[in-house]
Amino acid sequence: TQSETLNKLDSDLKLVKVELTEKLASIESVKSKMKEAEEATQKELKEHEDFRSKFTQATASEKDILAELQSERKRERRERCDAARKESNKMRANLQTKLEILRAGAEMLSTTAQLENQ
C-alpha cells in the first residue's frame with residue numbers, strides 16, 4: 001500500500017509538473033505577446049511624435065511663408081501708393097501750371113480789353 005501511495009503521489013506529481021509546465025509556457029507566451037504589444041505601442045508612439053514634429057515644422061514653415069507673403073503684399077501696396085502719390089503730385093503741379101497760364105492769359109486779355117476801351 002505504501003508503494004501504491006508512492007506511485008499515486010508520483011503520478012500526481014507528474015501531472016502537476018505537466019500542468020505547471022503548460023501554465024509556464026502559457027505565461028511565457030502571454031509575456032511575449034505583451035512585449036510585442038509594448039514594442040508596437042512604442043513604435044506607434046514614435047511615429048506619432050515624428051508626425052507631430054513634422055506637422056509642427058510644416059505649420060511653422062507655413063506661418064513663415066504667410067508672414068513673408070503678407071510683408072510682400074504690404075511692400076507692393078506701399079509701392080503702388082507711392083507711385084500713385086507721385087503721379088497725383090505731378091498732375092497737380094501740371095494743373096497748377098496750366099491754371100497760372102490761364103490766369104496770366106486772362107489778365108492779359110483784361111489788360112488788352114482795357115487798353116482797347118481807352
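Predicted model: local features only at pLDDT ≥ 70, side-chain atom pairs only at ≥ 80, totals over all residues.
K14 is exposed, its relative accessible area being 52%.

The structure holds 7 salt bridges. Another of them links D12 and K8, whose closest N and O atoms are 3.2 Å apart. D12 and K8 are 4 residues apart in helix α1, so about one helical turn separates them. D12 is partly exposed, because its relative accessibility is 28%.

R85 and D82 meet through their side chains in a salt bridge of 2.8 Å, N to O. They lie 3 residues apart in helix α1, about one turn of the helix. R85 is partly exposed at 48% relative accessible area, and D82 is partly exposed at 33%.

## Positive patch

R73, K74, R77, R78 and R80 form a positive surface patch. Of these residues, R78 is found in helix α1, which covers residues 2–117.

## Aromatic pair

The count of aromatic pairs is 1. The ring centres of F51 and F55 are 6.3 Å apart and the planes make an angle of 20°, so the pair is stacked. F51 and F55 are 4 residues apart in helix α1, and therefore separated by about one helical turn. Both F51 and F55 are exposed.

Key:
Residues numbered from 1 in each chain as written. Heavy atoms only, no water. Patch = residues over 30% accessible without salt bridge, like charges linked within 9 Å, V, L, I, M, F, W, Y side chains within 5 Å. Areas by Shrake-Rupley, 256 points an atom, 1.4 Å probe, with all protein chains shown as cover. Salt bridge = Lys/Arg side-chain N within 4 Å of Asp/Glu carboxyl O. Lys, Arg positive; Asp, Glu negative; His and termini not counted. Charge placed at Lys NZ, Arg CZ, Asp CG, Glu CD. Helix = DSSP H or I, 4+ residues; strand = E, 2+ residues; numbered from the N terminus. Phe/Tyr/Trp six-rings, centres within 6.5 Å; stacked < 30°, edge-to-face > 60°. Buried < 20%, exposed > 50% of the residue type's maximum accessible area, 1.4 Å probe, protein only.
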